[in-house]
Structure formats: structure tokens, C-alpha cells
Amino acid sequence: SFATSAPPCLTSSALSTSAVTDNSATLNWSAVAGASSYAIQYRIVGNSAWQLATSTSNSTSISALVANSNYEFQVQTECASGNTSPFTTTASFTTLPIPCLTPSALSSSSITDNSSSLSWANNAAASSYNVRYRVIGSASWSSLISNVNTLNISGLNAVSNYEYQVQADCGSGNQSAFSSSSSFITLAPPCNIPTGLSSASVTDNSAILNWNSVSGAADYTLQYRIVGSSSWTSMTCATNSKALTGLTASSNYEFQVQTNCSSGNSSSFTSSSAFSTAAPPCFT
């Protein structure tokens with residue numbers, strides 16, 4: 001009598017990959033007749049140690065891979081007869097970069113007449129962000145780079161409607177799409193309260209009222225009254241001086257001034273400045 005040898009356990013072929021992501025892949029190979037299972041070994045190309053997996057079919061999914069890395073794998077057939085094939089030659093694949101997600105939750109704060117603070121949700125994979133902004137309707141964008149998820153921009157136009165968008169840069173040419181726009185409106189520039197209120201050439205029925213001119217003023221609102229009166233007399237002044245007539249003799253007056261700026265906003269009124277009209281002349 002004589003013993004028969006086990007049938008050969010053939011090496012698989014046609015190694016391929018599918019469904020490759022940044023951290024997973026499906027490994028495939030041709031089925032071998034008589035195979036009971038398969039041993040798979042895989043590693044980042046250049047590593048000394050293999051990671052091991054088994055499968056009862058001619059495909060297996062592996063996970064917990066390193067993003068943007070070049071892997072290799074081999075397959076060994078384990079036959080029902082108890083013997084095994086050699087490992088195949090290696091097949092390789094490259095995992096994808098970590099997805100560079102489009103920034104979200106855009107917002108703006110600390111808005112002034114010429115600046116604004118911009119912010120968005122942090123993307124842990126981003127090394128920097130590309131930010132572009134413009135007055136809505138403008139043909140071109142202004143662009144800046146930020147290494148964090150906030151950015152202060154300045155040199156803006158007052159009373160203007162701006163939009164901005166953000167793109168994440170995850171390195172190695174891996175960039176997200178630009179976000180949808182978020183908008184904000186810059187404020188009117190400060191309309192300063194006049195200073196230096198004074199009176200001159202006061203007579204029994206007239207006075208010249210003066211104050212310092214204010215940059216950006218279109219005109220001024222002047223209001224005056226006898227101290228203690230319930231109502232004011234109000235008028236608009238094109239310059240920082242006004243001659244009043246028709247005043248009451250021997251009376252204590254107060255006056256206040258408000259700046260009306262060319263941007264459409266107005267200051268508060270000043271505190272009161274006082275003057276007293278003279279007694280009427282005593283004619284002989």
C-alpha cells in the first residue's frame with residue numbers, strides 16, 4: 001500500500017482593492033478551489049511588521065488604517081486538506097487623505113464702521129483657512145489666510161453689506177470647497193458730539209453761538225431756551241456758528257448742539273452751555 005499526498009493548495013491571484021477611504025479598504029482576490037479560508041497580511045510599505053486578518057471568502061474589509069498612506073497586502077490560501085499555499089506577491093493601494101470638510105457655522109462679531117471679527121467652526125484636519133470677502137455685488141474678492149478659525153479684517157467701507165466665505169486647507173493640496181456666504185453690515189462711522197461751545201457778542205436780544213466743527217458733519221442741530229422753560233427752540237445750522245436774534249433781555253439762556261453726519265447718523269446733544277442776555281438799553 002502507499003499514501004496519497006494532499007492535493008496542492010493553490011496560491012490565489014488577481015489581487016485588487018475597492019471602497020478605499022482615508023481609514024479603510026476592501027481587499028479582494030480570486031477564489032481558490034478547495035480553500036477553507038484565507039490568511040491576509042498587510043502593512044504600510046516600508047514597515048517591518050505585518051498586520052494579520054483572516055477571511056472565509058475571497059474578500060475582506062480592513063479598517064483603522066492611516067490616511068494618505070501607501071499600503072501593500074498579500075494573501076495565503078488555507079485548504080481543507082490542512083495544507084497552505086505560499087503568500088501571493090504583494091498588491092498595493094493608497095488610502096485617501098482625511099476629508100477636508102467645508103467650514104460651517106460662519107459668524108461675525110465686533111462689527112465697526114471699518115472692521116469685523118469673523119469666525120467659523122474649527123476643522124481639526126485643517127492646517128490653515130483661506131478667507132475671501134467683498135461688498136455684496138462686487139466683481140472681485142479680497143483674500144486672507146488664517147491659521148486659526150477666527151480672523152479680524154479691517155479697512156472696510158462704512159455702512160456696507162459684506163459677504164465672506166471660508167475654505168479649509170488640510171495640506172498636500174487637500175482643500176475643501178469654499179463655504180456658502182455669511183454676511184454682515186458695517187456700521188456708520190462715529191458721529192462725534194461737538195465740543196467747545198461758547199457765546200459771543202451777546203446783547204439784550206441777540207447772541208452769536210459757536211462750537212468746534214466736527215469731521216464728517218453734514219450740518220448741526222442747535223436747540224436753545226430760557227433756563228427753566230419746558231420747550232426748546234430748534235434749528236439746523238450749516239456751519240459751526242449761529243447768530244440768534246429776538247431773544248428776551250435780562251434772561252439766562254442755555255443751548256445744546258447735535259452733529260448730523262454725512263453717513264446719516266447723528267450724535268447725542270452736548271451738555272448745555274449758558275449765556276445771559278443784557279438788560280435793555282436805557283434811552284435818554
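## Cys261 and its disulfide partner

Cys261 is buried in this predicted model, its relative accessible area being 9%. Its partner is Cys191, with which Cys261 forms a disulfide whose sulfur atoms are 2.0 Å apart. Cys191 is likewise a buried residue, with a relative accessible area of 11%; both values fall under the 20% that marks the limit for a buried residue.

The torsion about the S-S bond of Cys191 and Cys261 is about 100°, so this disulfide is right-handed. The pair links distant parts of the chain, since Cys191 is found in the loop between strand 14 and strand 15, while Cys261 belongs to strand 20 (residues 252-261), 70 residues apart.

## The disulfide of Cys9 and Cys79

A disulfide also joins Cys9 to Cys79, with an S to S distance of 1.9 Å. About the S-S bond of Cys9 and Cys79 the torsion is about 95°, and the disulfide is therefore right-handed. Cys9 lies in the segment before strand 1 (16-18), whereas Cys79 lies in strand 6 (residues 70-79), so the pair ties together parts of the chain that are 70 residues apart in sequence.

## The disulfide of Cys100 and Cys170

The sulfur atoms of Cys100 and Cys170 are 2.0 Å apart, and the two residues form a disulfide. With 90° about the S-S bond, the link of Cys100 and Cys170 is right-handed. Cys100 lies in the loop between strand 7 (91-94) and strand 8 (107-109), and Cys170 in the loop between strand 13 (161-169) and strand 14 (182-185), so this pair ties together parts that are 70 residues apart in sequence. Cys100 is buried, and Cys170 is buried as well.

By the distance rule applied here, the count comes to three disulfides. When the bonded cysteines of the protein are numbered in sequence order, the pairing reads 1-2, 3-4, 5-6.

Cys237 is buried, with a relative accessible area of 2%.

Four strands form an open sheet in the order 11-10-13-14, and their pairing is antiparallel. At its edges are strand 11 (142-146) and strand 14, each of which pairs on one side only. Neighbouring strands of this sheet are turned by 25° against each other on average, with direction ignored.

Within this sheet, strand 10 (residues 128-135) and strand 13 run antiparallel and are joined by eight bridges. Val135 stands opposite Tyr162, a residue of strand 13.

Strand 15 and strand 16 pair in the antiparallel sense over three bridges, and the bridge partner of Ser198 in strand 16 is Asn210. The hairpin of strand 15 and strand 16 has six residues between the strands, and in this hairpin Ser201 takes a positive phi near 50°.

## Strand 16 and its two faces

On the side of strand 19, four bridges join that strand to strand 16 (residues 207-210), the two running antiparallel. Ala207 has Leu244 as its bridge partner in strand 19, and Leu209 stands opposite Lys242 in strand 19.

Which residues of strand 16 make up its covered face, and which its uncovered one? Ala207 and Leu209 form the covered face, while Ile208 and Asn210 form the uncovered face. Asn210, on the uncovered face, is also the residue that bridges to Ser198.

Note on methods: Residues are numbered from 1 along each chain as its sequence is written. This is a predicted model: local features need pLDDT of at least 70, side-chain atom pairs count only at pLDDT 80 or more; totals for chains, interfaces and linings use all residues. Side-chain values use heavy atoms; hydrogens and water are left out. Two strands pair if DSSP finds at least two bridges between them. Buried means under 20% relative accessible area, exposed over 50%, partly exposed in between (1.4 Å probe, protein chains only). A disulfide is a pair of cysteine sulfur atoms within 2.5 Å. Axes are lines fitted to C-alpha atoms, for helices over the stretch in contact, and angles run from 0 to 180 degrees between N-to-C directions.
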